[in-house]
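Please keep the sequence and the model in view while reading.

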Amino acid sequence: MAADARQAKDALLKALLPDVPFDGWTVAAMGKAAERAGLDATQVADLFPAGPRDAVAWFSRWADRETLTALETLELPKMKVRERIATAVRTRLAILAPHREAVRRSLALLAAPQNLVLGARLLYGTVDALWYAAGDTATDFNFYTKRGLLAGVYAATTLYWLDDRSAEQVETTAFLDRRLAEVMAIPRVTERLKVWAGRLPDPFLLARLARRR
């Protein structure tokens, strides 16, 4: 994407975000934001041809970019993997904190049946970015397992965070830590299953699945 287009999209997004809690992710809200950003209707149509859907998608990808930029300033390699992931999730939520209601509205839009695929794609993009920042180099089946597990953790944590009114979101941090502890235990359970499954006769499905993990 050309730098000019990215800058224009970012400018429109930043002009739009303050209105989203009141007007939602709507064409009307985008029109008002475009005026403030100095863009005309033709430019907006070129930048976001699918209208609010594209604006929500850009919001998510903007947050991913901002998260990666913020994480580059931290010494993640010195942390354990679990701490890296927790830090990455907390960093993204901190970036989104000024736009909590916009996040809530975006989730409502993505929950519509026609937008479920887009929502899944954006969630995958986010967890992929978080694992990338954490230094993940997996190329086998673990690549997808890690992202699938983190997708569940991130989605649940985001929903919890939306209604967390504790000081500095300490309750969200505790919730995230509990969820990560649960998913980090899964590989150990899987290894035990592999040992058990390996003792079964070869035709059994469990043995085949265990070897594929």
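Predicted model: local features only at pLDDT ≥ 70, side-chain atom pairs only at ≥ 80, totals over all residues.

Which residues are buried in α9? They are F143, R147, L150, A151, V153, Y154, T157, T158, W161 and L162.

**Overall composition**

- The secondary structure consists of 12 helices and zero strands.
- Of the 213 residues in the protein, 41% are buried.
- The protein exposes about 12200 Å², and carbon and sulfur atoms supply 59% of that area.
- When contacts between residues at least 6 apart in sequence are considered, 64% of them join residues at least 24 apart.

- Helix α9 covers residues 141–162, which amounts to 22 residues.
- From its first C-alpha to its last, α9 reaches 32 Å, close to the 32 Å expected at 1.5 Å a residue.
- The cover over the buried residues of α9 includes α6 (81–96), α7 (100–110), α8 (116–133) and α10 (170–184).
- The N-terminal end of α9 is capped by D140, which has a side-chain oxygen 3.0 Å from the backbone nitrogen of N142.
- S166 belongs to the loop between α9 and α10.
- S166 counts as buried because its relative accessibility is 14%, and the cut-off for buried is under 20%.
- A polar atom of the S166 side chain lies 3.2 Å from the backbone nitrogen of E171.

**Helix α8**

- The 18 residues of α8 should span 26 Å at 1.5 Å a residue, and the end C-alpha atoms are 26 Å apart, so the two values agree.
- The buried residues in α8 are L118, G119, L122, T126, V127, A129, L130 and W131.
- The elements that cover these buried residues include α5, α6, α7 and α9.
- After α8 comes G135, a residue whose phi is positive, near 90°.

**The largest nonpolar core**

- The largest nonpolar core has 52 residues, and the members that touch the most other members are L16, W25, F59, V89 and L150.
- Helix α5 (residues 52–71) contributes the largest share of this core, eight residues.
- F59 is buried, with a relative accessible area of 3%.
- Apart from residues up to four places away in sequence, F59 touches L13, L17, W25, L96, H99, A102 and V103.

- W62 lies in helix α5.
- A relative accessible area of 8% makes W62 buried.
- Beyond its neighbours within four places in sequence, W62 is in contact with D10, L13, K14, I95 and H99.
- W62 and K9 are 53 residues apart along the chain, yet their C-alpha atoms are separated by 9.5 Å.
- S106 is located in helix α7.
- S106 is buried as well, with a relative accessible area of 7%.
- When neighbours within four places in sequence are set aside, S106 is in contact with W25 and V56.

**Aromatic pairs**

- A pair of aromatic rings is described by two quantities, the distance of the centres and the angle of the planes.
- The protein has four aromatic pairs.
- In one of them, the rings of F59 and W62 have centres 6.2 Å apart and planes at 15°; the pair is therefore stacked, as planes under 30 degrees apart count as stacked.
- F59 and W62 are both in helix α5, three residues apart, which is about one turn of the helix.
- In another pair, the rings of F143 and Y144 have centres 5.1 Å apart and planes at 75°; this pair is edge-to-face because its angle is 75° and the cut-off for that class is over 60.
- F143 counts as buried at 18% relative accessibility, whereas Y144 counts as exposed at 54%.
- W25, F59 and W62 are linked into a cluster by ring pairs.

Terms used. Residues numbered from 1 in each chain as written. Heavy atoms only, no water. Core = buried A, V, L, I, M, F, W, Y, C linked by side-chain atoms within 4.5 Å. Buried < 20%, exposed > 50% of the residue type's maximum accessible area, 1.4 Å probe, protein only. Helix = DSSP H or I, 4+ residues; strand = E, 2+ residues; numbered from the N terminus. Contact = heavy atoms within 4.5 Å. Areas by Shrake-Rupley, 256 points an atom, 1.4 Å probe, with all protein chains shown as cover. Expected span 1.5 Å × (residues − 1). Polar contact = N/O pair within 3.5 Å; in protein donor to acceptor, adjacent residues only side chain to side chain. Phe/Tyr/Trp six-rings, centres within 6.5 Å; stacked < 30°, edge-to-face > 60°.
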